[in-house]
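Visitor: I would like a close look at one single part of this model, taken slowly and with the cut-offs stated.

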Amino acid sequence: MKTSEFILPDELGFYGEFGGAYIPELLRPAVEELNTSFRNYCFTEAFRTDYLDLLKNYVGRPTPLYFARNYSEKYGAKIYFKREDLCHTGAHKINNTIGQILLAKHMGKTEIIAETGAGQHGVATATVCALMGLNCIVYMGEKDMERQAPNVQRMLMLGAEVRPATCGSKTLKDATNEAIRHWINFPDSYYLIGSVVGPHPYPEMVAYFQSIISEEIRNQLQETGAASPQKVIACVGGGSNAAGAFYHFYSDREVELIAVEAAGEGIHSGKSAATSVLGSPGVLHGSLTLLMQDSFGQVTEPHSISAGLDYPGIGPLHAHSIATGRTRSFSITDAEALEAALECSRLEGIIPALESAHALAVLKKLSFKPEEIIVVNLSGRGDKDINTYQNAFQNL
Ligand SMILES: *Cc1c(COP(=O)(O)O)cnc(C)c1O
C-alpha cells in the first residue's frame, strides 16, 4: 500500500486541518478500543484472508472494469465504468460493512448499531449482521422511514430492528444523534459508520475497506496493457465510494481525481448539497470538516434528488484533498443527473443509481483527448430509484 497524506491522517486523525475526534468524553474509551483493534487486526494476514474471501464469494468481487464502447464513441475518450452496481445489495457500501463486521466480531461485539438516511447503509449493515449472526439496530429518521419504505422492509426481513428518530427534522442527522446517544449508553455495542465520516479512525478505516475499488481498477487496467487512467470520477455524499476509487491514485499526481457533489436544484437555490462550494469548517458527526451551516453554526438541511448524496458534510479527507487542489470538485443538478441516468440506460443498457448518475453527468462538462483513459465509478444500481425515474420520465 502506498502512503500519502490523503490515506494516512496524523496520529490524532487529521488530514491537514480536517478530521480528528470530537466526541463526548464518555465515548473516548470505546473509540480508543476501536482504533487499537483496527490497527492490530485489519492489516493481518488472518483478516485479509477472511475479508477477501467474503468479497469474492459473497459480494461478487472483483467487479468488472467495463469498457463502455458507446460512451467512448460519444465522448471521444476511452471510458470505463467500474461496476460497483454489481455488488451484492447493489452498491459499494457492502465493501465497508464486510470489513467492519469482521472487526466487530474479532472485538467480541454482539450488538451492532448504525444510522441510515436513505436506508442503503442500513440494508448493507443488516445484511452482514444476518450473515454473522449479530444483533442489528438501525436508527432512521421517521420521515426517511416513510420515504424509503422498501428499504425499511428489507432491513426487517434481514432481521434488523429499525428505530425511528422522532426529533428535529426526523432525517439523517437526527438518526445520527440517536445512534451516538445509544453508543454512549451502551459503549459495548459496535457503531458501524457507513461513509468516510465520523471521528477518527472511521474515515481512515472506511477508506481502507473501500480501497479495494482502486486496487482492482489499477490491476484491471494493467491487464489490458494500459497504464494509469488520466481521470477517475466518482460521486461524493460522505465520500466513501470516491475515497475507494481514488485511494491508490492519490500518490500518482498524473491521475486527475474528480469528486462530484449534488447541486440539487442549483448551487445557490437554497436546495443543494454542494458542500465543497457552500460549506465552511465546523464539527459534524465527530470530526472537523466542511459542512453546510447557518451563521449560528446550525447544520443546514441539504437537498438532492438522490438520497445518498443528501448529506450536509463531506469526509475530512475529501475536505483536505479539495482544499489542497489534489481533488477537483464539480456540482451536478438534479436535472443533469436525471438526464445522465437516462443516457446511460439508453447507451449502455445500464440503469445507474441516481448518485452514480451525478458522476456520469460530469462527462458533459469535460473535454478529452481520444487516447485518454477515464474511469467512472458506478457506485450503485438504479433499481432503488425507479420511482423517482418513473416520476421524472413520464413521457418516454
Ligand atoms: C450511499 C451511496 C453513495 C454515497 O455515499 P458515499 O459514501 O459518498 O460513497 C453513492 N452511491 C450509492 C449508490 C450509494 O448507495
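Visitor: In β14, which residue is the bridge partner of Ile233?

Guide: The bridge partner of Ile233 in β14 is Val376. The model is predicted, with local features requiring pLDDT of at least 70 and side-chain atom pairs pLDDT 80 or more, while totals for chains, interfaces and linings use all residues. Residues are numbered from 1 along each chain as its sequence is written, and side-chain values use heavy atoms, leaving out hydrogens and water.

Strand β14 covers residues 373–378, a strand being a DSSP run of E with at least two residues, numbered from the N terminus. Six of its six residues are buried, so β14 is largely enclosed by the rest of the structure; buried here means under 20% relative accessible area with a 1.4 Å probe and protein chains only. In a regular strand the side chains alternate between the two faces of the sheet. In β14, Ile373, Val375 and Asn377 point one way, Ile374, Val376 and Leu378 point the other way, and all are buried.

With β4 (residues 78–83), β14 pairs in the parallel sense over six bridges, and Ile374 of β14 stands opposite Ile79. With β9 (residues 231–235), which also runs parallel to β14, there are three bridges, and Val376 takes part through its partner Ile233.

Turning to the ligand, a polar side-chain atom of Ser379 lies 2.7 Å from one of its nitrogen atoms, within the 3.5 Å limit for N or O atoms in a polar contact.

Key
Buried means under 20% relative accessible area, exposed over 50%, partly exposed in between (1.4 Å probe, protein chains only). Helices (H or I, at least four residues) and strands (E, at least two) are DSSP runs, numbered from the N terminus. Two strands pair if DSSP finds at least two bridges between them. A polar contact is a pair of N or O atoms within 3.5 Å; within protein, one must be able to donate a hydrogen and the other to accept it, and residues adjacent in sequence count only if both atoms are side-chain atoms.
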